[in-house]
Amino acid sequence: MNLFDWQYAWHIMPQLLSASLNTLGITLLGFVIAIVLGLFMAIGRRSKRVWLSWPTTLVIEFIRSTPLLIQVYFLYYVLPNYGVSMTAMQVGVIGIGVHYACYIAEVYRGGLDAVPRAQWEAVTALNMGPYIAYRNIILPQALRPILPPLGNYLVAMLKDTPVLSAITVVEIMQQAKNIGSETFRYLEPITMVGLFFLTLSIVLAYLVRRLELRLELR
Amino acid sequence: MGDLLPLLLQGAWVTLQVTFWGSLLAIVAAILAALGRLSPWLPLRWFSVAYIELFRGTSLLVQLFWLFFVLPLPPFNVELSSFTVAIVGLGLHIGAYGAEVMRGAIGSVAKGQYEASVALNFSAFTRFRRIILPQALLAAIAPGTNLLIELLKNTSLVSLITLSDLSFRARQLDQATFETLEIFTLALIMYFVMAQAINFGMRSLERRLSRGRMRGGLS
Amino acid sequence: MPLSPTAQPLVSFKDVTKRYGNLTVLDKLNLQVAPGEKVAIIGPSGSGKSTLLRVLMTLEGIDEGLIEVDGESLTHMPGRGGLLVPANDRHVRRVRGKIGMVFQSFNLFPHMTALQNVIEAPVHVLGMKPAEARERAADLLELVGLGSKFDHYPSQLSGGQQQRVAIARALAMRPKVMLFDEVTSALDPELCGEVLGVIRKLGAAHSLTMLMVTHQMGFAREFADRVCFFYKGQIHEQGTPSQIFENPREERTCAFLSAVKEAN
């Protein structure tokens with residue numbers, strides 16, 4: 001038996017590619033959720049109002065300290081008992097989005113903390129409402145240095161999507177397992193999936209580094 | 001709820017064991033890979049970079065599945081228990097991230113330490129073992145704690161290669177009793193408690209190892 | 001007091017040259033140090049004084065020339081047929097073992113107590129038994145006046161105390177030559193005296209050969225057997241302390257000494 005059956009690999013490529021679209025879609029949608037939700041969580045955590053900051057902190061720390069797998073199990077199996085029914089894909093996107101929102105909230109927090117106090121004071125002195133203040137003054141300064149870490153979390157999310165296979169989301173890893181269990185040849189499908197992630201993460205990491213250079217952060 | 005706990009605790013015990021042995025492997029792999037990365041011998045450096053990029057760049061689940069499904073088949077024909085696969089996969093995966101932490105930590109040791117060691121005629125190996133590594137390990141504790149907690153959380157994936165850890169037992173119980181809310185809430189709380197224990201343990205370790213390093217200590 | 005000038009030099013620099021890119025830091029340097037001699041090296045910053053000590057301690061390599069310690073080359077060893085071949089690690093370590101160095105920034109091991117700092121090298125490099133090493137270390141720490149500080153960590157000691165531990169640590173390896181690289185420059189003025197006092201004590205009691213790079217002119221004047229004025233990678237002028245400090249011949253030496261006098 002030969003080492004790597006190239007014909008077989010070529011044969012299963014289309015199936016893997018179509019599943020990879022799922023993987024990419026989940027990652028991108030999840031990322032959008034994460035960066036929007038994360039911003040609100042960061043602002044909530046930094047709030048002076050204790051009734052907002054303490055619960056937010058607790059939620060962030062709890063979600064960050066517990067496995068994504070259990071969180072998606074929770075969403076997928078618990079919520080239907082309370083009348084909320086979603087497809088596995090929807091649960092997957094929300095689960096991964098909320099999970100990473102908590103990591104990204106911490107990145108935002110670092111970025112917001114790094115904005116000089118004088119800027120916050122100027123915003124108050126000029127009587128700017130919070131929405132305008134954040135949009136025009138604070139966020140543009142806070143966001144530049146944190147773009148590279150955000151890019152790194154995008155890569156991390158991509159590599160975490162296979163976890164969703166546990167709730168039957170048909171992303172690329174699940175597809176590979178299905179193919180393998182039909183033909184009992186696992187080497188080619190799983191190795192190809194590995195290469196898929198490796199290539200994407202190298203390309204994305206390279207793009208993040210280019211971004212860092214362009215923003216003159218290195 | 002009382003009948004849920006024993007099985008969940010059994011699973012948590014497996015989780016702890018995998019975390020413990022996986023951490024040991026990760027630390028060893030991190031130190032070796034960091035040294036390899038810094039080595040003047042090119043083949044060793046390339047090997048270390050390849051290891052680091054490969055295990056960081058691919059998904060942990062892919063690595064676990066590869067070890068679990070692919071290795072037993074020809075041409076490798078290596079059959080490993082799911083426990084072994086769990087430890088090897090987690091250890092090597094987190095070790096690759098740990099290598100970067102160690103590299104930074106080793107680099108943070110003051111150059112004067114190397115010079116004093118040369119002046120005292122230490123061999124490179126003894127110098128690393130007695131002078132550089134202890135100081136590097138102390139510097140690595142803070143970023144290392146985050147990695148260990150990552151390792152803990154990642155153990156949940158071994159349930160997908162049929163190892164009876166906390167996540168596996170939770171799923172099992174859910175399918176048997178459908179007390180879904182209680183089971184998964186308990187599981188989440190158990191992971192949370194374990195993560196805080198790691199946090200606490202590492203902070204105590206850091207305090208103990210840096211005794212005497214604090215400014216303005218005892219007279 | 002140094003032995004007679006005809007005795008074989010303990011340390012010998014022959015036409016030693018070292019460059020950093022375009023910058024020549026040591027320029028065909030020639031220096032012979034007799035056993036037991038105390039040599040002070042003075043000169044403006046950047047003249048290469050520290051580099052002289054550093055290449056002797058093998059912290060850096062040289063581009064040309066020959067350095068010999070106790071009759072053996074630092075960089076080469078006798079090969080087959082009596083030819084000189086590049087030295088292997090064992091040879092370098094053997095020759096290096098005859099030299100000890102004390103640094104400007106002390107470089108004590110922060111994760112060890114004073115006593116542990118002093119016994120570390122004898123135990124792990126010389127293979128001494130820990131009990132024996134501890135006894136010797138205690139004697140050395142007493143010698144430098146730190147008999148009550150054995151279990152203190154470097155962060156619990158003043159700069160002067162740390163430097164004295166560093167001296168004890170270097171002495172523990174029984175070197176034949178001790179190098180002192182601006183050992184008081186990082187100390188507050190009131191702490192310099194205790195370190196210089198220890199060096200003075202060492203000089204009187206032992207036949208230790210010493211090379212010290214220093215800005216402490218007063219100390220150099222009363223302690224050294226010979227003073228070398230270093231300028232642009234070469235020994236511009238050398239002689240006894242009274243020759244250099246009272247009757248300097250070269251213009252640059254005069255300029256340097258008067259600038260130093262101005263500053264004090």
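1. The largest nonpolar core comprises 112 residues, and those with the most contacts inside it are B:A30, B:M102 and B:A187. A nonpolar core here is a set of buried Ala, Val, Leu, Ile, Met, Phe, Trp, Tyr and Cys residues joined through C-beta atoms within 7 Å. A residue counts as buried if 20 or more other C-beta atoms lie within 10 Å of its own, as exposed if 12 or fewer do, and as partly exposed in between, with C-beta atoms placed from the backbone. Helix 4 (residues 82-107) of chain B gives the most to this core, with 13 residues. Helices (H or I, at least four residues) and strands (E, at least two) are DSSP runs, numbered from the N terminus.

2. The model is a predicted one: local features need pLDDT of at least 70 and side-chain atom pairs count only at pLDDT 80 or more, whereas totals for chains, interfaces and linings use all residues. Residues are numbered from 1 along each chain as its sequence is written, while chains are lettered from A and ligands numbered from 1 in the order in which they are written.

3. Two residues are in contact if their C-beta atoms, placed from the backbone, lie within 7 Å. A second, separate core has 80 residues, including C:I167, C:M173, C:A224 and C:C228.

4. Helix 4 of chain B packs with helix 6 of chain B at an angle of about 145°, and their axes are 9 Å apart. Axes are lines fitted to C-alpha atoms, for helices over the stretch in contact, and angles run from 0 to 180 degrees between N-to-C directions. The crossing of these two helices of chain B is right-handed; a crossing has that hand if the near helix is turned clockwise from the far one by less than a right angle, and is left-handed if anticlockwise. From helix 4 of chain B, residues including B:L90, B:I94, B:Y97 and B:G98 meet residues of helix 6 of chain B, among them B:I132, B:A136, B:E150 and B:N154. By class, this contact has 14 nonpolar, three polar and one charged residues. Ala, Val, Leu, Ile, Met, Phe, Trp, Tyr, Cys and Pro count as nonpolar, Asp, Glu, Lys and Arg as charged, and the others, Gly among them, as polar.

5. Helix 3 (residues 60-70) of chain B is largely enclosed by the rest of the structure, because nine of its 11 residues are buried. Among the buried residues of this helix are B:L60, B:Q63, B:F65 and B:F69. They pack against helix 7 and helix 8 of chain A, together with helix 2 (42-57), helix 4 and helix 6 of chain B.

6. Chain A has eight helices and zero strands. Its C-alpha atoms fill a box of roughly 75 × 50 × 25 Å, taken along the principal axes. Of the 218 residues in chain A, 39% are buried. Among its contacts between residues at least 6 apart in sequence, 78% join residues at least 24 apart.

7. Where chains A and B meet, 29 residues of chain A are in contact with 30 residues of chain B. On the chain A side, helix 2 (50-65), helix 3 (68-78), helix 7 (172-183) and helix 8 (187-214) each supply at least two residues. The largest share, eight residues, comes from helix 8 of chain A. That side divides into 21 nonpolar, six polar and two charged residues.

8. Chain C has nine helices and 12 strands. Of the 264 residues of chain C, 44% count as buried.

9. Helix 3 (residues 114-124) of chain C is mostly covered, with eight of its 11 residues buried. The cover of these buried residues includes helix 6 (124-154) of chain B, as well as helix 4 (130-143) and helix 5 (159-171) of chain C.

10. The loop between strand 8 (99-102) and helix 3 of chain C holds C:F106. Phi of C:F106 is near 60°, a positive value in a residue other than glycine. C:F106 is buried, with 24 other C-beta atoms within 10 Å. C:N107 is found in the loop between strand 8 and helix 3 of chain C, and phi of C:N107 is likewise positive, near 60°.
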